[in-house]
Amino acid sequence: MTDIKEIIIPELFDPYVVNRTKELSALFQSGIAASNPEFDRLASEAAPIHSMPFFEDLTGDAEPVIEGADLTAKTIKSNKDVSTTIRRANMWAATDLSAALAGADPMKAVGDLVAGYWARELQKELIAVLQGVFGSYTIDGEDEGEATTVQPLAEHILDISTMTAAASRRFSASAFIDALQLLGDAQGDLTGVIMDSATKAYLKKQNLIENQRDSDSVEFSTYQDRRVIVDDGCPVASGVHTAYIFGTGAIAYGSGSPVGFVANETSRDSKKGSGVDYLISRRTFLLHPRGIKWTDAVREHIETPTREELALAQNWQRVYEPKQIRMVAFKYCID
């Protein structure tokens, strides 16, 4: 069998895994996650959190042009978005990769396994981020026993699960349109939706899911012309499902390579029997919802937030104007 050390050539293996992960990830194929060199640079910084300054949108009515009258100068306001680096790693024994190592092109076979793994992990991280962004928490009020509920993205949540009539609580085309309408005239920016497999099956039984092919002949599903991504990590609690509707580039993704960072490497434990070879794979990245800053309010480790910490609403705060945030949460029932 091929030795794992023979195929893990960093200058070939590392970029292959990174590029292949993007090819396999529905987040990138749908355009929801956007990457650029600046995001990669931020993810490569030694600091655990990063400033992402932006100019706020221009507001105010235009003035009438009157001969001899001066226009009033308006200021362009700036604000600061903040992201955090996420660091993750995993390790596999050569026995776990034995079938791939025996293939005709073992580097490609192992690379595909690792890339597929990270594509799935990125979706899990995103679901955790969304649970935090669309979650809520309570803070103590001025009076004893008084508490206030804080929901960072309340304007972007449609919850029909509390409706009185059972039929009104179920996912429907009109309710989905109502969810899009939360963004008003900016709803055209919403281009994809993440839902659990039970919801897709529910819609498919009603012949509401369409299949299309992109320019590379890769087939994908759509609902109301929005690309469908299926992830059973989407929250389901007491029969209430949550789907997330996105616009292109709603999530900033950066792949980092800090000083001293080793993305993939092999190790060997010669003390175990005839010896065991290991493949270790690491990722340092940003996966940041644009316009919702990371507050760093609850964090145990300076190196990285845990997935559980990403899912805490206390760690998120809206800084963009509502219509500039291209994300909506839709809560509903299907039973």
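Rings of Phe, Tyr and Trp, the last by its six-membered ring, count as an aromatic pair if their centres lie within 6.5 Å. In this predicted model, a search of the whole structure finds 13 such aromatic pairs. The structure also holds 2 cavities of 30 Å³ or more, while the search for disulfides returns 0.

**Aromatic contacts**

- Trp92 and Tyr117 form an edge-to-face pair, with 5.1 Å from centre to centre and 85 degrees between the planes.
- Trp92 belongs to strand β4 (residues 86–93) and Tyr117 to helix α6, so this pair ties together parts that are 25 residues apart in sequence.
- Both Trp92 and Tyr117 are buried.
- One aromatic cluster is formed by Phe171, Phe176, Tyr223, Phe330 and Tyr332.
- The face of Phe220 carries a charged neighbour: Arg227 lies over this ring, at 4.1 Å from the ring centre.

**Largest cavity**

- Two or more lining residues come from each of the elements α2 (10–24), α6 (106–133), β14 (251–255) and β16 (276–289).
- Helix α2 gives the most to this lining, with 3 residues.
- By residue class, the lining of the largest cavity divides into 6 nonpolar, 2 polar and 2 charged residues.

**Second largest cavity**

- About 40 Å³ of space lies in the second largest cavity.
- The residues that line the second largest cavity are Ser83, Thr84, Ile86, Leu287, His288, Leu310 and Trp316.
- Strands β3 (78–84) and β16 are the elements that give two or more residues to this lining.
- The lining of the second largest cavity comprises 4 nonpolar and 3 polar residues, with no charged residue.

**Cysteines and disulfides**

- A disulfide is a covalent bond between the sulfur atoms of two cysteines.

Key:
Residues are numbered from 1 along each chain as its sequence is written. This is a predicted model: local features need pLDDT of at least 70, side-chain atom pairs count only at pLDDT 80 or more; totals for chains, interfaces and linings use all residues. Side-chain values use heavy atoms; hydrogens and water are left out. On a 1 Å grid over the protein atoms alone, a cavity is a set of points where a 1.4 Å probe fits but cannot get out, and a pocket is an open set with protein on both sides within 12 Å along at least five of seven lines; lining residues have an atom within 4 Å of a point. Grid points are joined across faces, edges and corners, and a volume is the space filled by probe spheres set on the points. Helices (H or I, at least four residues) and strands (E, at least two) are DSSP runs, numbered from the N terminus. Ala, Val, Leu, Ile, Met, Phe, Trp, Tyr, Cys and Pro count as nonpolar, Asp, Glu, Lys and Arg as charged, and the others, Gly among them, as polar. A disulfide is a pair of cysteine sulfur atoms within 2.5 Å. Rings of Phe, Tyr and Trp (its six-membered ring) pair if their centres lie within 6.5 Å; planes under 30 degrees apart count as stacked, over 60 as edge-to-face and the rest as tilted. Buried means under 20% relative accessible area, exposed over 50%, partly exposed in between (1.4 Å probe, protein chains only). A charge sits over a ring if NZ of Lys or CZ of Arg is within 6 Å of the ring centre and within 35 degrees of the ring normal.
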